[in-house]
Amino acid sequence: MTVAALLVAGCGQGAAQSAKDEPVSPASEEGAVEPVATPGDRASGGEAASAPKVTSVACAQDEQELFACTAGSKRIAVCGVTDAQGRKTAQYRFGSSDKVELVLDGGRFANTAYSGGGESQIQFANGDVRYIVYSRTIRTGFDEDGNKPEFTDGVWVVRGDENLADRQCTGEVVSVDVMAGDAYGGVGKDVYYGLD
């Protein structure tokens, strides 16, 4: 299946499966999950965060929307922005309609094909915690009417070998725009497959 077909097919909605309605960080006590950042805080994948403060989860008109969805009462977006040095970068945003709770810069794109589908991802790092935005299409069956695809979009929150959350989109999905990845640092094949 071509990448373009994957992008069109990935516009469906996934079922809600999540831990909490807030960004998460490593557990501090047996299974406790805490917010990573205070509202509007910026974390950067090793680069100085000198860009203007983000005031909305939604991408601005002058930003490229690389991913967006609602997940319960929260919004998730990945926007194509230009940093203070004039470089294009992907920026992860999480929060509610009136409050930005987490911003991460420097996403890495990845894409892979599956038999009957495929997956596109954008990964962000916040210390030892990774936020992996994904759009996945898998074939769940085939009959006289054709393929029976299942579309899932969301974000995994992972630390080391531990899945902290899998927040699946529940509506208003704009699937990962992996075709834009070349403009934002390139597209690799190092897709995260989840942990059993």
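View 1. A contact means heavy atoms within 4.5 Å. Residues 1–41 also stay under 50 in pLDDT, with 109 contacts beyond four places in sequence. For the protein chain, the mean pLDDT is 75, and 71% of residues reach 70 or more. This is a predicted model, so local features need pLDDT of at least 70 and side-chain atom pairs count only at pLDDT 80 or more, while totals for chains, interfaces and linings use all residues. Residues are numbered from 1 along each chain as its sequence is written, and side-chain values use heavy atoms, with hydrogens and water left out.

**View 2. The open sheet with strand order S10-S9-S8-S7-S6-S12.** Six strands build this sheet, and their pairing is mixed. S10 (162–168) and S12 are the edge strands; each has a single partner strand, so one side of each lacks a neighbour in the sheet. Strands are DSSP runs of E with at least two residues, numbered from the N terminus. Two strands pair if DSSP finds at least two bridges between them. In a regular strand, side chains alternate between the two faces of the sheet.

View 3. S6 spans residues 108–114 and S7 spans residues 117–126. Seven bridges pair these strands in the antiparallel sense. Ala113 is opposite Gly118 in S7. Phe109 has Val187 in S12 as its bridge partner.

**View 4. Strand S2 between the partners S3 and S11.** S2 covers residues 64–71. Seven bridges join S2 to S3 in an antiparallel arrangement. Gln64 faces Gly80 of S3 across this pairing. The S2–S3 hairpin has two residues between the strands, and Gly72 takes a positive phi near 70° there. S2 also pairs with S11, antiparallel, over two bridges. There, Ala68 is opposite Val174 in S11.

**View 5. Glu172 in strand S11.** S11 runs over residues 171–174. Glu172 is not a glycine, yet its phi is positive, at about 50°. Its relative accessibility is 59%, so Glu172 counts as exposed (over 50%).

**View 6. Asp83 in the loop between S3 and S4.** This loop links S3 (74–82) and S4 (88–96). Is Asp83 buried or exposed? Asp83 is buried, at 14% relative accessible area. A polar atom of its side chain lies 2.9 Å from the backbone nitrogen of Gln85.

**View 7. Ala183 in the loop between S11 and S12.** Ala183 has a relative accessible area of 41%, so the residue is partly exposed (in between the buried and exposed limits). The C-alpha atoms of Ala183 and Arg87 are 9.7 Å apart. Along the chain, 96 residues separate the pair.

Notes. pLDDT is the predictor's confidence in each residue, from 0 to 100. Helices (H or I, at least four residues) and strands (E, at least two) are DSSP runs, numbered from the N terminus. Buried means under 20% relative accessible area, exposed over 50%, partly exposed in between (1.4 Å probe, protein chains only). A polar contact is a pair of N or O atoms within 3.5 Å; within protein, one must be able to donate a hydrogen and the other to accept it, and residues adjacent in sequence count only if both atoms are side-chain atoms.
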